[in-house]
Amino acid sequence: MANQECLDYIRQGAMVWNNWRNSHEVPYLDLSGADLSRMDLRSVNLSSAYLHMTNLSGTDLSSANLRRAYLEGAKLSSALLNNADVSTANLHVASLIDANLDGANLSDADLREAQMQRVSARRTIFSGANLSEADLSEAMLSGAQLSKCLLRNVRLREAQLNGADLSYCDLSMLDLENVDLHEANLREVDLTGVNLSGANLRRTSLDKATLRGASFYGATLDGARLEAANLSTAYLGGAHLKLTNLRGADLSFVDFSGTTLFLADLSDTDLTRANFTRAILDEADFSRATLGWTIFGNVNLSAVKGLDSVSHHGALVVDIETALRSARGLPTSFLQAANLAPDLIASLAKTFSPDPYTWCICASSLDHEFVASLHATLQKKGIRCWYVLVDQLPEEKQQEHLDELIRLHDQLLLVCSQRSVNNDWMRYAVENVQHREQRENKKLLQPINLDYAVIKSQEDWAVNMQQALVDLSMWQQDSNRYGRAVNRLVKSFREAYDLPDYAISRPKQLAGSRQTNSQSSRAAQRRRKHP
C-alpha cells in the first residue's frame, strides 16, 4: 500500500518530489500499487523506492534515477526510460512491452520473466543482468551491451541484435531463428544446440564460441569470424559463408550440404567426417586442414586452395561427379586418399574438363517443346545442363525446389513467355538468383525471351532483367538465326568464366571429319573401278 505523503509529492511532478526528497530523510519510499501512468517524471529520483505493482504505463521516466528500485510486477508498458539509471533494480515479472530503454543502464538488474516484447533498447547496458525467461520478441537491441548476462530460456524471436555485445553469455538451447545479429560480438559465447536458422550473422564475431549441434540452416554468415570456434556436429545446410573466417575451427561432423563457402578460410580446421555434398567451394582455403572420412559429393574442387597441404587421417568419400568436375585441379595425394584406383587417377590427371559448370533451364510446362529443343542444342555444344518444368512441381514445394536449383547450378536460364511471366515462381526465382549474384559478384541469371511478354511486363523484377534478355523467339521460324543466338549465349558464358571455346568449335571439327571420311570413301570407290 502506497504511503500517502509519498503519493502527494510524486503527483506534483519530478521537481517537487526531488526537492522534498533532498530536504527530508525519508527512510521508506513506498509507492507500491499506485497509479502513476502517463505522468511526466523526467529526471525523477526514485532510487531504492518501493514500486511493487506500480502502474507507470506511458510515463516519461527519461533520465530518471531508479537505481536499486523495487519494481517487481510493475507496469511500464510504453514508458519512456531512455537514458535512465535502472541498474541493480528488481524488475522481476515487470511489464515493459513497447517501452523505450534507449541508452538506459540496466546492468545487474533482475529482469527474470519480464515482458519486454518490442522494447527499443538501442545502446542499452544490460551487462550482468538476469534475463532468464524474459520475452524480448521483436525487441530492438542494436548496439546493446549484454555481456555476462544470464539468458536462460530467454525469447528473442525476430529480435534485432545487430552490433550487440553478447560476449561471455550462455545462449545454449535458445531459439534464435531469423534473429538479426549482424556485427554482434559473440566471442566465447556458448551457443550449444541453438536454432539460428535464417539468422543474419554478417560480420559477426564468434571467435572461440561453442556452437556444437547448432542449426544454421539458411543463415547468413558472410564475413563472420569463427576462429577456433567449436562447430562440431552443427548443421549449416544452405547457409551462406562468403569470406567467412573459420581458421582453426572444429568442423568435425558438420553438415555443409548446399552451403556457400565462396572465398571462405578453412585453414587449419578439423574437417573429419564433414559433409560437403553440393557445397560451393570456389576459392575456399583448405590449407593444412585435417580430412578423414570427409564427403565431397557433386562439388567442384578445381578452384579450392591448399588441397596439397591437407592432412589425411582417414579415407575420403569423393564421387565420380566431383572427380570429373574438378579434373586436373586435384592433387594425387587427395585422389589416393579417396581410394581411387591408380589407373583412374592416371586417367583423371590427363583429363581436361573444358566446362565443369552446370546450367539449368526453368520454364513452364506449356513451353516444353522449346525447352526440349534448347536442352538438346546445348547438350550438343558440350554444355552440362538440365531442365525443370516448375509448374509441374507441387505448389507448396516450388520455392524450396527453386532454392536448391539456384544453389546447385552455375547458370539459370529462365524461359520468359506469356505462359510463365505471370507466375509467382518466376518472380521468386529472379529475386533469389539476383541475391546470389550480389553475394558472389558474378552473373548467374540468363533470361530467355520467347514471345516478348516479359518486355511488356511492368513488374520491377521483369524490368530489371530486360537488358539481359537473349532473344530466341525465332527458334521455329529461322533455325540459322536461332543457332547463332545460342552460340552467342554459350560464348558469352565461356568468356565470363574464362573457359575455352571448345564446345562451339567442336561441331566444325566433326563436320571436317565427316568430309574427310566421305572423300576417302569416294577415293576407295574410284580405286575399285580403276584398279
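**Rings and spaces**

In this predicted model, F256, F276, F286, F296 and F334 are joined into a cluster by ring pairs, where rings of Phe, Tyr and Trp (its six-membered ring) pair if their centres lie within 6.5 Å. Residues are numbered from 1 along each chain as its sequence is written. Because the model is predicted, local features need pLDDT of at least 70 and side-chain atom pairs count only at pLDDT 80 or more, while totals for chains, interfaces and linings use all residues, and side-chain values use heavy atoms, with hydrogens and water left out.

The structure holds eleven aromatic pairs. The ring centres of F276 and F286 are 5.6 Å apart and their planes meet at 55°, so this pair is tilted, a class that lies between stacked (planes under 30 degrees apart) and edge-to-face (over 60). Both F276 and F286 are buried, meaning under 20% relative accessible area with a 1.4 Å probe and protein chains only.

Charged side chains also meet rings here. R273 lies over the face of W293, at 4.7 Å from the ring centre, and K148 takes such a place over Y168, at 6.0 Å from the ring centre; the criterion is that NZ of Lys or CZ of Arg is within 6 Å of the ring centre and within 35 degrees of the ring normal.

Two or more lining residues come from each of the elements α7 (398-408) and α8 (424-440), and α8 gives the most, with five.

There are also two cavities of 30 Å³ or more, a cavity being a set of points where a 1.4 Å probe fits but cannot get out. The largest has a volume of about 150 Å³, and of the 16 residues that line this cavity, the closest to its centre are A279, I280, R325, L408 and D410. The second largest cavity, of about 30 Å³, is lined by L136, L141, L146, L151, V154, L156, L161 and L166.

Finally, an unreviewed UniProt entry places the feature "domain: TIR" at residues 361-475. Over residues 361-475 the chain is 43% helix and 19% strand, counting DSSP runs of H or I of at least four residues as helices and of E of at least two as strands.

Key:
Buried < 20%, exposed > 50% of the residue type's maximum accessible area, 1.4 Å probe, protein only. UniProt positions renumbered as here; feature names shortened; annotations may be inferred. 1 Å grid on protein atoms, 1.4 Å probe; cavity = no way out; pocket = protein on both sides within 12 Å on 5 of 7 lines; lining within 4 Å. Points joined across faces, edges and corners; volume = space filled by probe spheres on them.
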